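Work through the exercises below with the model open beside you. Each task is followed by a stepwise solution.

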Amino acid sequence: MARKDIPGQASLVFDVALLDLHNPKDGISIENKVVPENCERRSQSGDFLRYHYNGTLLDGTFFDSSYSRNRTFDTYIGQGYVIAGMDEGLLGVCIGEKRRIVVPPHLGYGEEGRGNIPGSAVLVFDIHVIDFHNPSDSISITSRYKPPDCSVLSKKGDYLKYHYNASLLDGTLLDSTWNLGKTYNIVLGFGQVVLGMDMGLREMCVGEKRTVIIPPHLGYGEAGVDGEVPGSAVLVFDIELLELVAGLPEGYMFIWNGEVSANLFEEIDKDGDGEVLLEEFSEYIHAQVASGKGKLAPGFDAEMIVKNMFTNQDRNGDGKVTAEEFKLKDQEAKHDEL
């Protein structure tokens, strides 16, 4: 309305709808909605936090929501990756907490605004913290049950059979071997599971039950597993170890359980032609294992181990092993057989 349109000495009437107000000295306002009773640690600067949010203006006008994208907003906090008001408002939260953060414009998007956010607008974020971790975090292990005899503990190279439930920190179930009706079987220390799980299964006895919490950098990382594990998710594994088959000493894929025959090559070379073929070699090794005189590393393909053993003995690669080529492990440099 221009001044020339207003008569002199006129009384003016304004109908005003107050959208919001703030003072440049205002800080953020925090209202705790839900705070979990069990809060072992609160978020701090440098943590990586995954959360859902609804964003509105003070009058309730909606402007954004992570729920509408069906994925969390993931960010480091306290380091300037988000607007200053959220950077501050996300400090000191618990996993599972819900809180409302009111952000004045000078700690939000300022006088210019952004997208569908007006300039100088006060913003309201209703957040739900899904999980957080710090890049320096290791795994967390809680033993829930140990049998009376817990003297034989798992180590690298052991073949393990175990059950697990895998879930997110909010309780969302991801996977369960109990539901599938079969155990998960691995050789410990050979990269057959994520590093955090490999760490979490160490020094465990048969019958033991434990909970292992794995941060994403020791789990499935920023990428997660498409359709199965969200990116940057902290994982919870409830584990029960059912069977342990002791592995071999490090560096060995086959060992003798007793004294080695002084005429070992002659025993393998049954036809006495001075040459051992793969078939002869394989038959002999499997016979030693069956009789208990030898042992192959558990959890691996036995035929592949035997073939590798034969290949390492076949020094010139001609498909046969002679007495001159044949050596036991303690007679040569590092090899993983005999």
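**Exercise 1. Which residue's side chain does a polar contact of 2.9 Å join to that of Thr211?**

Solution. The partner is Arg144. A polar contact is a pair of N or O atoms within 3.5 Å; within protein, one must be able to donate a hydrogen and the other to accept it, and residues adjacent in sequence count only if both atoms are side-chain atoms.

Before going on, note the ground rules. This is a predicted model, numbered from 1 along each chain as its sequence is written. Local features need pLDDT of at least 70, side-chain atom pairs count only at pLDDT 80 or more, totals for chains, interfaces and linings use all residues, and side-chain values use heavy atoms, with hydrogens and water left out.

**Exercise 2. Describe the surroundings of Thr211.**

Step 1. Thr211 lies in strand S11. Helices (H or I, at least four residues) and strands (E, at least two) are DSSP runs, numbered from the N terminus.

Step 2. Classify its exposure. Buried means under 20% relative accessible area, exposed over 50%, partly exposed in between (1.4 Å probe, protein chains only). Thr211 has 14% relative accessibility, so it is buried.

Step 3. List the neighbours. Leaving aside residues up to four places away in sequence, Thr211 touches Ser140, Ile141, Thr142, Arg144, Val236, Phe237 and Asp238. Contact means heavy atoms within 4.5 Å.

**Exercise 3. Classify the ring pair Phe48 and Tyr76.**

Step 1. Count the pairs. The whole structure holds 16 aromatic pairs.

Step 2. Apply the geometry. The ring centres of Phe48 and Tyr76 are 4.9 Å apart and the planes stand at 75°, so this pair is edge-to-face. Rings of Phe, Tyr and Trp (its six-membered ring) pair if their centres lie within 6.5 Å; planes under 30 degrees apart count as stacked, over 60 as edge-to-face and the rest as tilted.

Step 3. Locate both partners. Phe48 belongs to strand S2 (residues 48-57) and Tyr76 to strand S4 (residues 73-76), so the pair ties together parts 28 residues apart in sequence.

Step 4. Phe48 is buried at 11% relative accessibility. Tyr76 is partly exposed at 28%.

**Exercise 4. What phi do Asn70 and Glu203 have, and where do they lie?**

Step 1. Recall the background. Most residues other than glycine have a negative phi.

Step 2. Take Asn70. Its phi is positive, about 60°, although it is not a glycine. Asn70 lies in the loop between strand S3 (62-65) and S4. It is exposed, with a relative accessible area of 70%.

Step 3. Take Glu203. Its phi is also positive, near 55°. Glu203 lies in the loop between H3 and strand S11 (209-214). It is exposed, at 58%.
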